[in-house]
Amino acid sequence: MRSAYGVSSVRAAELELMARGPEGALMQRAAAGLAAECAQLLGKVYGSRVTLLVGSGDNGGDALYAGARLARRGAGVSAVLLAPERAHAGGLAALRGAGGVVVDGGADRAEDVVARARLVVDGIVGIGGRGGLRERAAELVAAAARDALVVAVDLPSGVDADTGEVHGEAVRADVTVTFGAYKPGLLIDPGREYAGAVRLVDIGLELASGERVSEALQYADVAGLLPLPRGESDKYRRGVVGIVAGSARYPGAAVLCVAGALRGGAGAVRYVGPAADAVIARFPEALVSAGPPSKAGRVQAWVVGPGLGDDEERLRDAVGAEVPVLIDADGLRLVAERAVRERRAPTLLTPHAGEAAALLGVRREEVEAGRLSAVRELAGRFGATVLLKGSTTLVGSAEGAVRVNATGTPWLATAGSGDVLSGLAGSLLAAGLGARDAGSVGAYLHGLAARHAADGAPVAAQDVADAIPAAWRDVRRPG
């Protein structure tokens, strides 16, 4: 699992480690890791042009010491100082001693030094920085050649380490080399988009698991959470999920939701609604009912909302059940906050940014710019687990770190894919997973299925549903 920690936790761990070791040892560890990653990217270090964009803090010191290591291996290293009077003295001395060149960031030739580099190191602002790049820094970043590799030190300058928010100009890195621990801003959009590939360098920090701000599941984590049938299992032990979706206008939403539930491992799927003929035509194994949900038969979880239209009666009936409920799409528009808060069984809300904005009474752009705060606020306001869909899907609840999911592909932005995810996550709820795990595992499998289905080409929602078994097998495959 990739665990991300806030700035305050990382700073405290750094101070504790520095107090136990020789002065400067921590920075040297970071610089060694940074230099090694840069060398790997360059392939051939000798003769390569490297430019360091150096700010005033320890972040700039890391860049300078790393630059000195590269210079000793034959790279032509230039340091462009944005705050010459406050640059790290030890790092500057090391770079000069290794034959590196120092340039004032305000000089006219600074842009040319950046433009001629094969690799540009962003050491402008560290993890404590707030706000976008200052004008001169932004000009120098923009001067980098299109084919230059950009490596960010710890975090792209201009990205908020704690939230991933970007206010103003920021560095877009090809690779971010981060030290000691992942930071939330590296995993959560929009910051994740600026970070590029993230490389973690172990510098010996000791961080408590309870201090995690966010975390990202990996294959092994998902494999350990997947509900698997046993020899004594029957359809009820595997989980029966009820689907309250679709309408005369949107029968396809019901079909796709049922598809996700069946492919997600449900022992049985009960469909309640007016799209029964369309569901049975596609999935004869589905159990259909005209409703209401409370009269449809035994279920372990309900999924309500996709393509529902304005049918508040079916919504209220399902939300009133004493089993876990997933609410999506039209259900989010119709459900009352109080009705969710008063539920005793778990509730999973699955909005996209527009739906989240409507629930919070803000503009969509505000949600997209501050996804971490949005998912936390929704979870607190509704007393529920919230799966906020997007290029990085977030799953948050009142307790524990926010889960971040980055599986998927841009081709997944297609009509009906959210209906498939609802059915899939609902089947995991019915199988006994908690709301947080069901949302996290569902999002992971859904994104992985989209990759299998797309394979670099356009994909439809039904293709994603059909690829869920392949994603499931992929996760469970040893090694």
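Buried means under 20% relative accessible area, exposed over 50%, and partly exposed in between, with a 1.4 Å probe and protein chains only. The model is predicted, so local features need pLDDT of at least 70 and side-chain atom pairs count only at pLDDT 80 or more, while totals for chains, interfaces and linings use all residues. Residues are numbered from 1 along each chain as its sequence is written, and side-chain values use heavy atoms, with hydrogens and water left out.

**View 1. Two aspartates with positive phi.** Most residues other than glycine have a negative phi. Aspartate 455 is not a glycine, yet its phi is positive, about 50°. This residue sits in the loop between helix H20 (435-454) and helix H21 (461-466); helices (H or I, at least four residues) and strands (E, at least two) are DSSP runs, numbered from the N terminus. Aspartate 455 is exposed, with a relative accessible area of 69%. Aspartate 154 also has a positive phi, of about 75°, and is found in the loop between strand S6 (149-153) and strand S7 (175-179). Aspartate 154 is buried, at 7% relative accessible area.

**View 2. Helices H2 and H3.** The axes of H2 and H3 are 8 Å apart, and the packing angle is about 55°. Axes are lines fitted to C-alpha atoms, for helices over the stretch in contact, and angles run from 0 to 180 degrees between N-to-C directions. H2 is therefore oblique to H3; angles under 35 degrees count as roughly parallel, over 145 as roughly antiparallel, 65 to 115 as roughly perpendicular and the rest as oblique. Residues in this contact include Leu34 and Cys38 of H2 and Ala66 and Leu70 of H3, where contact means heavy atoms within 4.5 Å. By class, the contact has 12 nonpolar, two polar and three charged residues. Here Ala, Val, Leu, Ile, Met, Phe, Trp, Tyr, Cys and Pro count as nonpolar, Asp, Glu, Lys and Arg as charged, and the others, Gly among them, as polar.

**View 3. Helices H3 and H4.** Helix H3 (residues 58-72) and helix H4 (residues 89-97) have axes that come within 8 Å and cross at roughly 15°. H3 and H4 are therefore roughly parallel to each other. Leu64, Tyr65, Gly67 and Ala68 in H3 meet Gly90, Gly91, Leu92, Ala94 and Leu95 in H4.

View 4. Leu34 is among the residues that touch the most other members of the largest nonpolar core, which has 98 residues. Such a core is a set of buried Ala, Val, Leu, Ile, Met, Phe, Trp, Tyr and Cys residues joined through side-chain atoms within 4.5 Å. Beyond four places in sequence, the contacts of leucine 34 include Ala63, Val121 and Phe179. Glutamate 37 lies in helix H2 and is buried, with a relative accessible area of 17%. Not counting residues up to four places away in sequence, glutamate 37 touches Val177 and Arg199.

**View 5. Two cis peptide bonds.** Most peptide bonds are trans. The bond from aspartate 189 to proline 190 is cis, with omega near 5°, and proline 190 is in the loop between helix H7 (184-187) and helix H8 (191-195). The bond from glycine 291 to proline 292 is cis, with omega near 5°.
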